[in-house]
Amino acid sequence: MYASRLIGFILLSIALMTLDYQTHYLREMRSLLSTLAYPLQWVINAPGNWATHVSPYFQNKFSLIEENKHLHYEHFLTQAKLQKMLSLEHENARLRALLQTGAELHDAFLVAEILQMDPDPFVHVAVVNKGKRDGVFLGQPVVDAEGIMGKVIEINKITSRVMFITDTSHGIPVENIRNGVRAIGIGTGNMDKLELQHVPLTTDIKIGDKLVTSGLGGGYPAGYPVGLVSEFVHEAGAPFATIRVKPIAKLGQSRQILLIQTEPAAP
Amino acid sequence: MRQPLYLQEKIAIFVSFLFALILMIIPIPHVLQWFWPEWLTLFVIFWVVRVPQGVGITVAWLVGLAMDITGGGLLGQHALSMSVVAFLANLLRSRIKLFPFWQQALGVLVIVGFGQLILLAEQCLLGNPPHSLLYWSSCLTSVIIWPAVYLMLNFYKNHFVRLTGR
C-alpha cells in the first residue's frame with residue numbers, strides 16, 4: 001500500500017516536471033506561489049538588513065572619519081573621470097551623427113538586492129527583491145558596479161530570478177575590446193570562469209584582453225565589460241583553442257545589483 | 001502510539017520544516033555551498049522515523065514541492081526525491097530508531113545518497129549535469145551532522161510533540 005502510494009507520487013512529480021518544463025501553464029501559478037515564499041526570504045535577510053542599518057552606530061568615530069575620507073576621495077576621482085567621460089560622450093555622439101548611426105548611450109538603472117541564491121551550487125540563479133510591479137521584464141540585463149552579471153529569467157510579482165553569466169546553461173556574445181574579435185562566452189558552473197567556445201587557434205586573443213558585450217543577438221546592450229582573458233590553452237590536435245575568461249563583475253560577492261531599464265534594440 | 005496528531009503537534013512539525021527550508025536557502029559563501037548538508041532530507045528522515053503517523057510520503061512530497069517553489073527548480077524535482085526519501089526512511093525505520101548513532105549514520109547515508117541520486121538523474125535529464133564529484137560531498141556532511149540534528153529534533157519533539165504522554 002505504501003509502495004503504491006510512492007509510485008503514485010513519483011508519477012505525479014514526473015507529470016508536474018514535464019508540464020513545467022514543456023508548457024507555460026504552471027508559470028502563473030508558480031509566480032503566485034513564489035510570492036508566498038517571499039516572507040521566508042525576508043526573514044532570512046532580516047538579520048543582514050538590520051546589521052547594515054545598525055552597525056554604523058557601533059562603529060567608532062575614527063573609522064567613520066577614515067571611511068568618510070576615503071569615500072570623499074573616491075567620489076573626487078570618479079567625478080574627475082566623469083568629466084572626461086562627458087567630453088568623450090559628446091565626441092562619440094558627434095562621430096555617430098557623422099556616421100549616421102544612432103545609439104543609446106545612457107541607460108537607466110533600477111537597484112535591486114539579492115535575496116537568495118539557488119541552493120544548488122551548480123545553478124547560478126539568484127532571487128532579487130524587484131519584480132513585475134517594479135517594471136522588471138523578462139530578459140532584462142543585470143550588472144553590478146564593475147560589469148555584466150546576468151539576466152532576468154523569471155518574473156514574479158515582487159521578486160524575480162536572475163541567471164548569472166557563469167551558469168552552465170548561459171551564453172553571452174562578447175567582443176574583444178582591443179580588436180573587435182567576437183566570440184560567445186559560455187558559463188562553466190564556476191563563479192570565476194567563463195569559456196569561449198569554438199574560437200579558431202589563429203584568432204588574435206591574448207591573456208589579459210578585456211571582453212565586452214557585443215550586443216549581437218539582442219540579449220545584452222553593447223559595451224558592458226564582461227571579463228578578462230585569463231587562460232589561453234592550445235591543445236595539440238584540438239580544432240579550437242580553450243580560452244578561459246574571468247568575469248569582471250563580482251558575482252559571488254555583490255549583494256546590490258543594477259537592472260538596466262532600457263530595452264535592448266532588436267538587432 | 002498510533003493516534004492521529006493534535007493540531008499543535010502538526011504546527012510544531014510544520015514549523016520545523018519551515019526552519020529546514022530556511023536553512024536550505026540561506027545565502028552562504030559559494031565555496032561552502034558544496035558542503036552544505038541536505039537539511040530538508042535529514043528533517044524528513046527524522047520525522048518519518050519518529051512520528052510515522054504524522055509524516056509520510058504525502059507530507060514529504062509537499063515539503064519537496066515547497067522546496068521547489070522557494071528554491072526555484074523545476075516543480076516536482078525535490079518533491080520526487082523527498083517522497084522516495086520518505087519511503088526509504090519508512091523502510092529503514094526500525095533500524096534507524098534502535099541503532100546507535102554510527103550505525104544510524106549508515107542508513108542515513110544510503111537514504112540521503114538516494115535522494116541526491118534522484119536529483120542528479122533529473123538534472124542530467126534537463127541537460128545540465130554537475131561537472132564535479134564535489135556534488136556528493138553534501139551527503140557526507142549530512143551524515144556527519146546527523147547526530148546533532150537527531151538530538152536537537154528529539155529535544156524539540158519531546159517538548160512540543162508529546163505523543164507518548166497521552
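Predicted model: local features only at pLDDT ≥ 70, side-chain atom pairs only at ≥ 80, totals over all residues.
I call a residue buried under 20% relative accessible area, exposed over 50%, and partly exposed in between (1.4 Å probe, protein chains only). Residues are numbered from 1 along each chain as its sequence is written, chains are lettered from A and ligands numbered from 1 in the order written, and side-chain values use heavy atoms without hydrogens or water.

**Entry 1: Leu7(B)**

I looked up Leu7(B) and found this residue in helix H1 (residues 7–25) of chain B; helices are DSSP runs of H or I with at least four residues. Leu7(B) counts as exposed because its relative accessibility is 62%.

**Entry 2: Helix H3**

I then turned to helix H3 (residues 39–50) of chain B, which has twelve residues. From first C-alpha to last, H3(B) reaches 16 Å, close to the 16 Å expected (1.5 Å times one less than the number of residues). Twelve of the twelve residues of H3(B) are buried, among them Trp39(B), Phe43(B) and Arg50(B). They pack against H1, H4, H5, H6, H7 and H8 of chain B, where contact means heavy atoms within 4.5 Å.

Cys124(B) is in no disulfide, and the nearest cysteine sulfur, that of Cys139(B), is 14 Å away. That distance is too far for a bond. Cys124(B) is partly exposed at 43% relative accessibility, whereas Cys139(B) is buried at 4%.

Key. Helix = DSSP H or I, 4+ residues; strand = E, 2+ residues; numbered from the N terminus. Disulfide = S-S within 2.5 Å.
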